[in-house]
Structures are given as C-alpha cells and as structure tokens.
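Biologist: Could you take me through this model? I would like to begin with its pockets, and to know what counts as one.

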Amino acid sequence: MLEIRTTCRSCSSPELELVLNLGEMPLSDALVTPEEYAKGEDRYGLTVVFCRRCCLMQIKETVEAEVLFGADYPYYSSFSDYLLQHSRENALQLIERQKLSGASLVVELASNDGYLLKNFQEKGIPVLGIDPAPGPAAAAEKIGVPTLCEFFDSEMARRLRSEGKRADVIVANNVMAHIPDLNDFVEGMSILLKEDGICTVENPYVKDLIENCEFDTIYHEHQCYHSVTAVSQLFARHGLTLFDVEHLPIHGGSLRYYGGPNQEAGEAVKRYLAEEEAAGLTSFDYYRDFGQRVESIKTELIRLLRGLKAEGKRIAAYGAAAKGSTLTNYTGVDHELLDFVVDRNVHKQGLYMPGIGVPIRPVEALVEEMPDYVLILAWNFKDEILRQQAEYTGKGGQWIVPIPYPAVLETVETTSQP
Ligand code: JHZ
C-alpha cells in the first residue's frame, strides 16, 4: 500500500536531496466518521526531496491511487465560485485559441464533477471526461458530461485511439501532481493527441510554494511540485514540446503549461527557463531554508492560537481542504484549539478532519455560533470566503490567515473581486 521511492519520479536519477520531512501524516482527503476517528487512522511518512538532475521537487512516499482516490473521495470542484469562473474562462480561451467546433474533441483528465467540460458542451463541442473517483464522476454524468470512471494511462490512451478517439485538446488541471507514473501519464497524452492537438496542464507552481511557504499544499495526493524546468524535460521525453506557459493566481500561484507534438518553445517558455535558473530553482540551495521557514510558521501559529485560547476566545476554521489537513496535523492545531471547521461541500459535512478530531459543519454555523476567530484553512480562496461571510465579519468576527505567515487580518475587504 505504501511505496518509498529512491529514484526520481520523472528522470529516475537517484540524486535526491532531502528538503523537508513532515513526519507521519494521515491522508489529507480521508475525512473520517467520529467512530473511525475514535479507532485511530492510518498515517504515512511525508518526505519532500529535490532531484538534482531534472530539478523536480517531489515526495518519496507513494500511497496506492485506489486508496487516495477511492469511493469516498470528497473533493468536488464545483464548490468554489472562483474556480468555476476560472474554469469557464479557461474553456472559452481554448475554444478561441484552437478554433474548436462541433467536429473537435476535448478530453479532460481528472474531470471531477464536470465543472470545466460543461462549458465546452454548452458551445456544442464534444467532450470526454476521465476521472477515477466515483462520486465526482457520477455528478458529472448527472449533468450530462460523459465520463469514464477510470485512471488515465497510456494503455487507456491506446484503447481510446483504437476506438477512433483522438483529442484536439487535452486538459489536465491539478492532476499531474497526483500521478505516481508521471512518464506513463504524459505518454498517454501524447498518444491521445491529434497531430495538431495540444494539451494544457495546470499545477501549483513550486516557486510560489517555496517563496510563499505554502507547505500545506504538500500531501500524499501531491507527489510532485512542478517547475517549467522539470515539465519541459518531462514533455520532451514523450515527444511533446512545451510551447507556452502562463502564470495564474489560483491555488496560491499556478502555472498553465501548453504542450503539443508539433510545436516550438515560445518566448514565455524561454523566459521562464532563464528566470528559474537565475532565481536558483535549478539548484538545491534554493530549497535549503524552506524547512526552517515552515517550522517558524508552526511555532507562530501555535503561539497565536494558544494565546487566544488563554484569553477565553473561541476559534473555528474555514475550509476542510486537503491543505488544511497538512497544516493542522503538522502544526498540532487540533480539537483543543478549534471548535469546528465549516465547509460548503455537503459531502464533507458531518465528518471529521483527518487526524485532529474536529467536526465539519455547514458554513452557516459561523453566524449561528459566532466564534471569535476563524482560521482560514482554504486561504487560496480567502477573498471569495470573506465576501461570502460579510455577515460574520459585520457582527465582529475576526479572521486569521496561516500562510504565508500567521496573522489576524486587520481590515477585511468584503467587496474586492476574485
Ligand atoms: P481547495 C484541492 O486541494 C484538491 P484542497 C486537489 N488535491 C488539488 O490538487 C488542489 O485543490 C489544487 C471549501 N470552500 O479547493 C471547498 C467552501 O466551503 O482549496 C473545499 O472543501 N466555501 C485535487 O482540498 C475547500 O473549501 C468556499 O467559498 O486543499 C477548499 O479546498 C470555497 C471557495 C471553498 O483545496
């Protein structure tokens, strides 16, 4: 069930340097019933390393995909308005850029509940979703997005191709980090693309992760933390050229990579490669003090929350996010500090956050209970959450952000756009 890697997930080099050891952690999306929590949960090591050869940051531990993304996988993309808007813009841009029509095919890997593909469908463009998590895949089918509930790999790509299916566009957003066999996944994309097809891949950017100390985005589902340097080599190994890159603010800072079989690296790719080298991302030194900075977030967060508790304050949290699990479990923020967590996702409500015994409730609980402070675990959606929770703020509720450094928000702007 657990495999520990000794070689790089991308280039197979054994030159892996230790960046950070987060210790034994529960699985971030393995939300538990109160009974399961009482029995105790499985924990797995979580060790971050850097590959000196291809510069890919990654974790050493591989938890079986069936365990990570099985029947109870609770992540549904459609609970963030901002993500829905971001995805719609992504779809409209691709339709324009690739001149997609009723004769095209858009395939999405990790299509979740159909949040993105429905935008293509609305414009009459044929789509195919692929997602191994049964709950989200069923939700997609329910809104009419055809979805194969399977893991995508090169074998599946060959099968689809033999059925006459080839893609004009493959979208793989926030999935490449989740794949244990990275090379086989990219090979699959390469097989499934038409000669003039393109793939677009979105992932949190390792530079933002390191510089903003977003250590909580490290968990077992995220096996790799990509850079342009690492992705260009990975694509090239499978006959795809990375030809464009865009920086996006979502999820704490992400990159959208564009690849295709018959393309040439454009200016943005060249600029990013040069900038990554100049910033030092290609050398282990860049990652050396990350662990110390993470440690100081832990110390400060605990100091802040314990201080508030000592003053008799009540603290809740917002967002039963996977990253919230890493943050709380690593820092030791548990049910003694947090009364409850709220989340809009109905599939998460009624369960407990992994490892810390904190119940998940509907977001209305904030105004009903009026805790003095709310720790924003889904800090990547801070603006959206603050706008939505104007009533809690208006009644005197206060907010704490943990990342990039723990702080109580002094002024809360509730009208800004995402
Ligand atoms: P969210 C996810 O990670 C899932 P997570 C995944 N592991 C991935 O790769 C990354 O994103 C990139 C809730 N919420 O999306 C919804 C509200 O309740 O930041 C979610 O449960 N109200 C595949 O899980 C959670 O917060 C709201 O208004 O760390 C956010 O989780 C909003 C906006 C969100 O990421």
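Modeller: A pocket here is an open set of grid points where a 1.4 Å probe fits, with protein on both sides within 12 Å along at least five of seven lines. Please bear in mind that this is a predicted model.

Biologist: What volume does the second largest pocket have?

Modeller: The volume of the second largest pocket is about 570 Å³. It is lined by 23 residues, and those closest to its centre are Ala-30, Leu-31, Val-32, Glu-36 and Asp-72.

Biologist: And how does that lining divide by class?

Modeller: There are 13 nonpolar, four polar and six charged residues in the lining of the second largest pocket.

Biologist: Turning to the helices, at what angle do H6 and H7 pack?

Modeller: Helix H6, residues 154-162, and helix H7, residues 182-192, pack at about 10 degrees, and their axes are 7 Å apart. Angles under 35 degrees count as roughly parallel, and H6 and H7 are therefore roughly parallel to each other.

Biologist: Which residues make the contact?

Modeller: H6 contributes Ser-154, Ala-157, Arg-158, Leu-160 and Arg-161, while H7 contributes Asp-184, Glu-187, Gly-188, Ile-191 and Leu-192. By class, the residues of this contact comprise four nonpolar, two polar and four charged.

Biologist: Is H7 largely enclosed or largely open to solvent, and why?

Modeller: H7 is largely enclosed by the rest of the structure, because eight of its eleven residues are buried. The buried residues are Leu-182, Asn-183, Phe-185, Val-186, Gly-188, Met-189, Ile-191 and Leu-192.

Biologist: What do those buried residues pack against?

Modeller: They pack against H6 and helix H9 (228-236), and also against strands S6 (106-109), S9 (167-173), S10 (193-204) and S11 (224-225).

Biologist: A change of topic: where is Ser-325, and is it buried or exposed?

Modeller: Ser-325 is in helix H12, residues 322-331. Ser-325 is buried, with a relative accessible area of 1%. Leaving aside neighbours within four places in sequence, Ser-325 contacts Pro-26, Leu-27, Ser-28, Met-353 and Pro-354.

Biologist: Last one, what about Glu-300 in H11?

Modeller: Glu-300 lies in helix H11, which covers residues 290-310. Its relative accessible area is 17%; buried means under 20%, so Glu-300 counts as buried.

Biologist: What does Glu-300 touch, beyond its neighbours within four places in sequence?

Modeller: With those neighbours left aside, Glu-300 is in contact with Tyr-405 and Pro-406. The C-alpha atoms of Glu-300 and Pro-126 are separated by 51 Å, and the two residues are 174 residues apart along the chain.

Conventions: Residues numbered from 1 in each chain as written. Predicted model: local features only at pLDDT ≥ 70, side-chain atom pairs only at ≥ 80, totals over all residues. Heavy atoms only, no water. 1 Å grid on protein atoms, 1.4 Å probe; cavity = no way out; pocket = protein on both sides within 12 Å on 5 of 7 lines; lining within 4 Å. Points joined across faces, edges and corners; volume = space filled by probe spheres on them. Nonpolar A, V, L, I, M, F, W, Y, C, P; charged D, E, K, R; others polar. Axes fitted to C-alpha atoms, helices over the stretch in contact; angles between N-to-C directions. Helix = DSSP H or I, 4+ residues; strand = E, 2+ residues; numbered from the N terminus. Parallel < 35°, antiparallel > 145°, perpendicular 65-115°, else oblique. Contact = heavy atoms within 4.5 Å. Buried < 20%, exposed > 50% of the residue type's maximum accessible area, 1.4 Å probe, protein only.
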